Amino acid sequence: MNIKRQSTIQWYPGHIAKAEKDLKEQLKRVDVVLEVRDARIPLTTHHPKIQDWVGSKSRVLVLNRVDMISPQMQQLWTKWFLSQGEVPYFTDAQHGKGVAAVTKAASAAGVEVNQKRRARGMLPRPVRAVVIGFPNVGKSALINRLLGKRVVESARRAGVTKQLRWIRISDTIELLDAPGVIPAKLDDQETAVKLAICDDIGEASYDNQRVAVELVELLKYLEAVASNFLPESPLKSRYELDAVDITGEDYLVALAKLKYQGDVERAARQLLNDFRTGLLGKIGLELPPG
């Protein structure tokens, strides 16, 4: 039984270009940028244009879905980001964990803005913040927590936010909710695969079987080099089937035979869903460089 393989992961640059254009226009009015990334893949969910967009504005780095990585992995990334001169704010936006610290960081950046306004003889005003990130990294859930109520539709699927709009959080902060933006082109298919595994890629075309195979291979690699940051044998624990001595492709076929009457597509979808919903355990898919 062969796994069908699609050579590349593709998405549709038209709506991405429009989202970027709208975002750049609104950024002229923004004081603080909240950059939201997926804590499972914090390097992959860094948009390569973010520095150009932010410029000299204040930036708050938010790593969402901290509930989906181990405490040891969180400590590892905290240490690495601090060594790069960045303070990471870890959140679980669905349950509100870590959100108060993000609000405090955004407000602190706003104090600086209004000090400059006063120095120029201008009245203080609410700080204007924007939330930027890839599709489905939890931006809308974060905004709802910052507001303390549900005003932005939030779902565990990409592309829920379709347009830009300003929302008043308090007397001191106004927030711009922006659609997820991904690069119009990714030359690195390894990066694209990680986005697909984590469902952070928005409206894209990809082969579930290929992505599931890559997830198995990635888990095997991480177990070999960083087992102390992962749950013990996540695949074997979940499916009573070990991947140690076989390829990802053979594993998926074996899993289909064992659990899903030989239906490889169903096995692939289930494997991806189990990872995305945390049923394989708390698993970060990236390690800091070096």
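Predicted model: local features only at pLDDT ≥ 70, side-chain atom pairs only at ≥ 80, totals over all residues.
Strands and helices are DSSP runs numbered from the N terminus, with at least two residues (E) for a strand and at least four (H or I) for a helix; two strands pair if DSSP finds at least two bridges between them.

Residues are numbered from 1 along each chain as its sequence is written, and side-chain values use heavy atoms, without hydrogens and water. Local features need pLDDT of at least 70 and side-chain atom pairs count only at pLDDT 80 or more, whereas totals for chains, interfaces and linings use all residues.

### Strand pairing

| Strands | Sense | Bridges | Facing residues |
|---|---|---|---|
| S5 and S7 | parallel | 5 bridges | Arg-128 and Glu-174 |
| S6 and S7 | antiparallel | 4 bridges | Arg-165 and Asp-177 |

S6 and S7 also form a hairpin, with 4 residues between them.

Strand S7 (residues 173-177) is largely enclosed by the rest of the structure, because 5 of its 5 residues are buried (under 20% relative accessible area; exposed is over 50% and partly exposed lies in between, with a 1.4 Å probe and protein chains only). In a regular strand the side chains alternate between the two faces of the sheet. Both faces of S7 are covered: Ile-173, Leu-175 and Asp-177 are buried on one side, and Glu-174 and Leu-176 on the other.

The structure holds 3 aromatic pairs. Rings of Phe, Tyr and Trp (its six-membered ring) pair if their centres lie within 6.5 Å; planes under 30 degrees apart are stacked, over 60 edge-to-face, and the rest tilted. Trp-77 and Trp-80 form an edge-to-face pair, 5.6 Å centre to centre with 90° between the planes. These two residues lie in H3 (residues 71-83), 3 residues apart, about one turn of the helix. Trp-77 is buried at a relative accessible area of 0%, and Trp-80 counts as buried at 18%. The Trp-77 and Phe-81 rings have centres 5.6 Å apart and planes at 35°, so that pair is tilted. Phe-81 lies in H3 as well, 4 residues from Trp-77, and both are buried.

### Packing of H4 on H5

Helix H4 (residues 99-119) and helix H5 (residues 139-147) pack at about 80°, with axes 10 Å apart. H4 is therefore roughly perpendicular to H5 (65 to 115 degrees; under 35 is roughly parallel, over 145 roughly antiparallel, and the rest oblique). Val-99, Val-102 and Thr-103 of H4 meet Leu-142, Arg-145 and Leu-146 of H5. By class, this contact has 4 nonpolar, 1 polar and 1 charged residues, with Ala, Val, Leu, Ile, Met, Phe, Trp, Tyr, Cys and Pro as nonpolar, Asp, Glu, Lys and Arg as charged, and the others, Gly among them, as polar.

Methods
Axes fitted to C-alpha atoms, helices over the stretch in contact; angles between N-to-C directions. Contact = heavy atoms within 4.5 Å.
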